[in-house]
Every structure is written in structure tokens, then in C-alpha cells.
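This note sets out a few points for a colleague who is new to the structure. Please read it beside the sequence and the model.

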Amino acid sequence: MEIKEVLLEKHRIMEQDCQTLWNSCLTVIKDIVSEAAFKTWFMPIVPLSYENNTLKIQVPTQFFYEYLEDKYVDILGKTLHRIIGPDTILKYSIQVVKNAGTDATVDLPGSEKKATKEEYNTAIPGLFDSKARQDWESHLNSKYTFDNYYEGVSNRLVRATSEEIARNPGKTYNPMFIYGPSGVGKTHLCHAVGNLIQDIHPEKRVLYISAHLFTIQYTDAILKNAVNDFMYFYQSVDILILDDIQELIGKDKTQNTFFHIFNHLHLLGKQLILTSDKAPVDLQGMEERLITRLKWGLTAELSRPDLELRKKILKNKICSDGIVIPDDVFNFIADNVTENVRDVEGIVASLLAYSTAFNRGIDMTLARQVVCRVVRLEKKQLTVEKIQDIVCKYYNLDSDAIQTNSRKREVVQARQVTMYLSKKYTHASFSNIGKIVGRRDHATVLHACKTVKDQIETNKSFSSSVEEIEMMLKN
């Protein structure tokens, strides 16, 4: 009995020492983190023991442990080294409730064995707590905004509706379904919407997640018997942005879970923004009831960037990289790199790398070499946009000028010449030409073609101007 009493007394002293040490650590941590973070992530911790330079603490759940190791392991490590000593090791114990009145503990390694980056990314932070708004992790990339999301014919509708959603989330287009091929700016737009919502409505919880990571998280939740917590977490979001929803095809259980999350958020008026490489009707392998809901709101297509948009993107990339590109090289890239935005940015980066490595200027020879590695160069047919661009260049007008309702003589003339040459050198109909050139109707284009033809026959100077423009089109 005497030995047992001695051991109990020793244990009592160790517990007191452990609590004292941990209280000292909390005093330091409280001055470092926010009040909300301190109450959420440090107050629930229970110190268990301190032996052999090892402090053992108890945390409520597996996710609590993972979140501490992800977000606060450096703070914990530095605090322990400061208060206890540089050789201190932290270990965790997780209390697991098996059934009523029975519990067990699971010991886990602490700060001496940090989780890998991949493990952090697949964890589900914050499922077991109602996190303070200021600590909410949206996973948005702050560099993607509307300021650097340039507008063109191919994305005008989507951009306008996305900005409206950011101003009034859940009130206008819900869900918003954006589809288009890879590289046309879907992900950039998602982040831009999310960032603007956070600026205008800082009280709202915005979450950006790829469908691939959503699937990994769901699988992880099943393995850890935490599906209810997974559902609760996603149902607490105010704006859910799910990128590449086609990744859910063939994953029936994940689709079913997302179906219930969708219904819950939509019923509460929460905003949903979804992207895909296909329109909802083409998502073969997706549950029909989910496809039906994807079509409830606005479905908008992002097509490949038009010439005007490619030039804006190219100009911005050149300016941001601080390089100089001759006009002929600039136009060559804009004319030939038509598939997606990533190709445009990649080619500029390659030109800069080759120019620096071989100490040579950027010219057409180098441009052809670089572009040929990315896209297949073919003899391209003239387009209405290309003709419009060359006509504006000849008349020294901004390319947007002929899109306006201006009645200035030179603008009207440039607009009519564009329509005339478009009909002569492309297969576009009068109606299509009118839509592209200032959103005019069939009759306006027909009148323009007749006017230009009459002037060519009666005005020698005007005829020479048109011939010069046609020569520019053939070069």
C-alpha cells in the first residue's frame, strides 16, 4: 500500500507540473494567435503528462489533431522550446468514444513528425467546430481577380453575370454552371467571383474546391467514419464553388452526397457555382436527378478566346514580364495561338527563356520556332475579326471604334469597308457579319456592301485605299 500511495502522489505531482507547464504555454500562445483561434483550437486541449522531455496532450478528435499539425505546429513547437526546453517533444492522445460510458485513447505522434503537404491537402479542416469567420479558409487564389480577367466576345456574358452574382450571391443566377474546354479561363473566373464576394460580403463563408479534392475528402471521411461531419461542414458554406464537376462521373456515392449538399444549400438560398468541360446535357455517367439540378439556374459557355481577347491577354503578359516584342511577332502569336489562354502565356515565357539563354533578340524566326512547338501552324482563313482589325489599323482607329454607334465619317467608312471585305473574303452570312461588326442587322450589312462597291467604281482615291487594305489582308 505504501508503494501504491507513493506512486499516486508522484502521479499527482506530475499532473500538477504538467498543468502548470501547459498554462505557461497557453499564456504565450494567447498573445500570438487570434482570440477566436485560441478559444477554438487551444482551450479544448487537456495536458496529460510530462515525462522524459515529452509533453502529452489530449485533443477531442482526429481532425482536431490534423488541423493543429497543419496550421499551428510551428507555434506549438516554438512555444514548447521556449517554456520547457529545446529538446521537448509533443505527443497527442485522442479520446475516442466507443459506446455509452466507455471511451479509449489513441496516441499519435506530435510535432517531431509533421504530416506531409499531401496529407494536409486531403484533410478536412474545421469539420468539428463552428469556426470564426476571420479564421475561415476559402482556398481562393488572391491573384485571380476581375481586374486581370480580360473581357472579349467569348466571355462577355459569363463575366457580366459572374459580377452580378458576386454583388448578390444566391439572389440572381443559382446555380451558375460554366462550361468550356480546358484553358479558357473557368478556374480564373471562379476565383475572381469568390474574391469579389469576400470583398463585398466579408461575413459570408466562401469555399473553392475542385471536384477531385472533394472526392478525396469524401473518401477520407468514409474511412474515418466522419461522413456526417463532412456533410455538416459543406452544408455550413454560404458560397460553394466546385470546379471540374465532370470529375464526379462514375463516382455514384460521391454524386449522391453532393446531391444532398446541393439540395440543402439551394433550399437555403446559398450560392452554387459549378464548372465543367461539358454542358450538363453531355455529362454522360452523371445521375439524371443531379443533371436536372445543374440546369436549374444559368448555364453559360466559355468558348475559346477571340482575337481581341487574345491580344489583351498577350499585352498584359508582356507588360507583366517586362519584355519587348516587335509588332509583327505580337500579331503572329495572337493570330496563331487560338486554343487557350495557357498557350499564350506559355509561349511568352518560352520566348523570354530562349532570348535570355541564347542572348538574342525576339524576332519572327524565334517566334516561329517557339510557337511551332505548341501549336500546329496552318494557312489560316481570313475571319471577320481579322479583317476588322486590319481595317481599323489602316484607318488608325481603335478596334472598338466600329463597334460603337458613332456616325463620324471615318468610323462609318471603316465599318462599311469591314463589312464589304468580310463578305468578299469569308463565308460568313450578312447576319453573322452584322453580329460581329457592331451588332448590326442583315439590311445594314447589305447596304454597306452596296455603298462600298459604288464608291470603288466612282471614287479613285477610295478605290486605292480599299486595294491597299486588301494587300494587307494577303500579307
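At what angle do helix 13 and helix 15 pack, and how far apart are their axes? The points below begin with that pair of helices.

1. This is a predicted model, in which local features need pLDDT of at least 70, side-chain atom pairs count only at pLDDT 80 or more, and totals for chains, interfaces and linings use all residues. Residues are numbered from 1 along each chain as its sequence is written, and side-chain values use heavy atoms, with hydrogens and water left out.

2. The secondary structure of the protein comes to 20 helices and 9 strands (DSSP runs numbered from the N terminus, H or I of at least four residues for helices and E of at least two for strands). Of its 475 residues, 45% count as buried (under 20% relative accessible area; exposed is over 50% and partly exposed in between, with a 1.4 Å probe and protein chains only).

3. Helix 13 (residues 327-336) and helix 15 (residues 364-372) pack at an angle of about 20 degrees, and their axes are 9 Å apart. The two helices are therefore roughly parallel to each other (an angle under 35 degrees).

4. The contact (heavy atoms within 4.5 Å) is made by Asp328, Val329, Phe332, Ile333 and Asn336 of helix 13, and by Met364, Ala367, Arg368 and Val371 of helix 15. These residues divide into 6 nonpolar, 1 polar and 2 charged (Ala, Val, Leu, Ile, Met, Phe, Trp, Tyr, Cys and Pro count as nonpolar, Asp, Glu, Lys and Arg as charged, and the others, Gly among them, as polar).

5. The structure holds 11 aromatic pairs (rings of Phe, Tyr and Trp, the last by its six-membered ring, with centres within 6.5 Å; planes under 30 degrees apart count as stacked, over 60 as edge-to-face and the rest as tilted). In one of them, the rings of Phe214 and Phe258 have centres 5.9 Å apart and planes at 85 degrees, so the pair is edge-to-face. It links distant parts of the chain, with Phe214 in helix 8 (residues 211-223) and Phe258 in helix 10 (residues 252-267), 44 residues apart. Both Phe214 and Phe258 are buried.

6. The rings of Tyr394 and Tyr395 are also an edge-to-face pair, with their centres 5.2 Å apart and their planes at 85 degrees. Tyr394 is partly exposed, at a relative accessible area of 25%, whereas Tyr395 is buried, at 17%.

7. One aromatic cluster is formed by Phe214, Tyr218, Phe230, Phe233, Tyr234, Phe258, Phe262 and Trp296.

Conventions: Axes are lines fitted to C-alpha atoms, for helices over the stretch in contact, and angles run from 0 to 180 degrees between N-to-C directions. Angles under 35 degrees count as roughly parallel, over 145 as roughly antiparallel, 65 to 115 as roughly perpendicular and the rest as oblique.
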